[in-house]
Amino acid sequence: RVPTKRQDDFSDDDDDDGDDAAGEETTKFVRGEDFVAWLQDLQRVLRRDESDEQSVRQTLGTWKVLETKLLPIAEESAGDAEATRTLMKIFLLWTENLKPRALEALAIPPPRKATQPKRKRGGGEKENELSALKTAAAARQNNGDKKAPARMAIEKREEDPLAPLREAATAMVKVLADARSAFAGSRRFLRLLLGSFQAALAKNDDERDEDDVRDLDTVLLFLRNLTRPLPTTNVDAVDALAKKSFDAVVAALGSELLLDCLAELGCAVNLKENKRYGLALVEIFAQLFCDGGHAPADIVRARPLLLKKKKTTRKTTAFEAGKDDDDDAGA
């Protein structure tokens, strides 16, 4: 980012009053000459991040690469098709779900730590020691093993083998929550996404080329990743951040009419050029309504225009057309 000043902030008069004539500085993101090659390298690195801990995404998320580099590049690359497609592939990799083993580690709760009995005040220390000796003697008598109490203590002190992976998975959930918050806050990027989505949807089957089909596939998969509820980590701060980011991204997609485009595509999914997107739409709306806890009325406000478009896809007789008009008048 380089500092810039607005043209109307400069003045020919040099007044030494309290206010400075220079005005306030603003920052503008400037793309480098080889930024597309850098994006392609980043895409390859993310694709090869196949470890269960996903250390590459964790590191990039800690460095705020998405917020400080990728989203500003996306906002400045509106007319660059190659850069936009590379960025969408990166965003698709960035928002992928956790690895299966990481999800399993989060699903298994950590073992409870052994707590020592509270000692009584005053002369209770000797009583607790006597009780511990009696317990150890009973264990030796029952098991016939003099080392049984020592082995039980070692087992209690044994560390949880899933603890490192569970911590890495928790960190990844935070990275994904931060990413959703960043996408929800970049309204300019969402508008660019809406424009490319509508441009591809407006074309018929004969008009869509391979790039249009690929763009639609990428956008739908990206929206599926954005609307996927994150797993529970049993860390209150991270779970609260995940819930807040989910609500924020759903509100942003609704305000920028991306959810309305999904509803429009759902109404026209019976057309030949849209049949391939039915499964992706089912996944997205299932995540919103079932897993996300949102009601259909909270996500998409039904519009009569969308319902009428579905009726125009088939030929109607004059009687059916008149019946539709009567229904609309009654409504």
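This is a predicted model: local features need pLDDT of at least 70, side-chain atom pairs count only at pLDDT 80 or more; totals for chains, interfaces and linings use all residues.
Residues are numbered from 1 along each chain as its sequence is written, and side-chain values use heavy atoms, with hydrogens and water left out.

**Exercise 1. Work out which residues of helix H12 are buried.**

Step 1: Buried means under 20% relative accessible area, exposed means over 50%, and partly exposed is in between (1.4 Å probe, protein chains only). Helices (H or I, at least four residues) are DSSP runs, numbered from the N terminus.

Step 2: Cys 261 has 3% relative accessibility, so it counts as buried. Cys 267 is at 19%, and therefore counts as buried too.

Step 3: look for disulfides (a pair of cysteine sulfur atoms within 2.5 Å). The structure holds 0 of them.

**Exercise 2. Find what Arg 188 pairs with in a salt bridge, and say which parts of the chain this ties together.**

Step 1: the rule is a side-chain nitrogen of Lys or Arg within 4 Å of a carboxyl oxygen of Asp or Glu. By this rule the model has 15 salt bridges.

Step 2: the partner is Glu 76, with the closest N and O atoms of the pair 3.5 Å apart.

Step 3: Arg 188 sits in helix H9 (residues 187–201) and Glu 76 in the loop between helix H3 (65–75) and helix H4 (81–94), so the pair ties together parts that are 112 residues apart in sequence.

Step 4: Arg 188, at 42% relative accessibility, counts as partly exposed, and so does Glu 76, at 29%.

**Exercise 3. Describe the surroundings of Arg 224.**

Step 1: Arg 224 forms a salt bridge with Glu 283, and their closest N and O atoms are 3.7 Å apart. This pair links distant parts of the chain, 59 residues apart: Glu 283 is in helix H13 (residues 278–291) and Arg 224 in helix H10 (residues 210–226).

Step 2: list the contacts (heavy atoms within 4.5 Å). Leaving aside neighbours within four places in sequence, Arg 224 touches Glu 283, Ile 284 and Gln 287.

**Exercise 4. Name the residues that touch the most other members of the largest nonpolar core.**

Step 1: such a core is a set of buried Ala, Val, Leu, Ile, Met, Phe, Trp, Tyr and Cys residues joined through side-chain atoms within 4.5 Å.

Step 2: the largest one has 68 residues, and Leu 70, Phe 91, Phe 197 and Phe 222 touch the most other members. Helix H8 (residues 163–185) gives the largest share of this core, 11 residues.

Step 3: zoom in on Phe 222. Leaving aside neighbours within four places in sequence, its contacts include Met 88, Phe 91 and Leu 92.

Step 4: turn to H4. Phe 91 is among the buried residues of H4, and the buried residues of this helix pack against helix H1 (35–47), helix H2 (55–62), H3, H8, H9 and H10.

Definitions and conventions: Helices (H or I, at least four residues) and strands (E, at least two) are DSSP runs, numbered from the N terminus.
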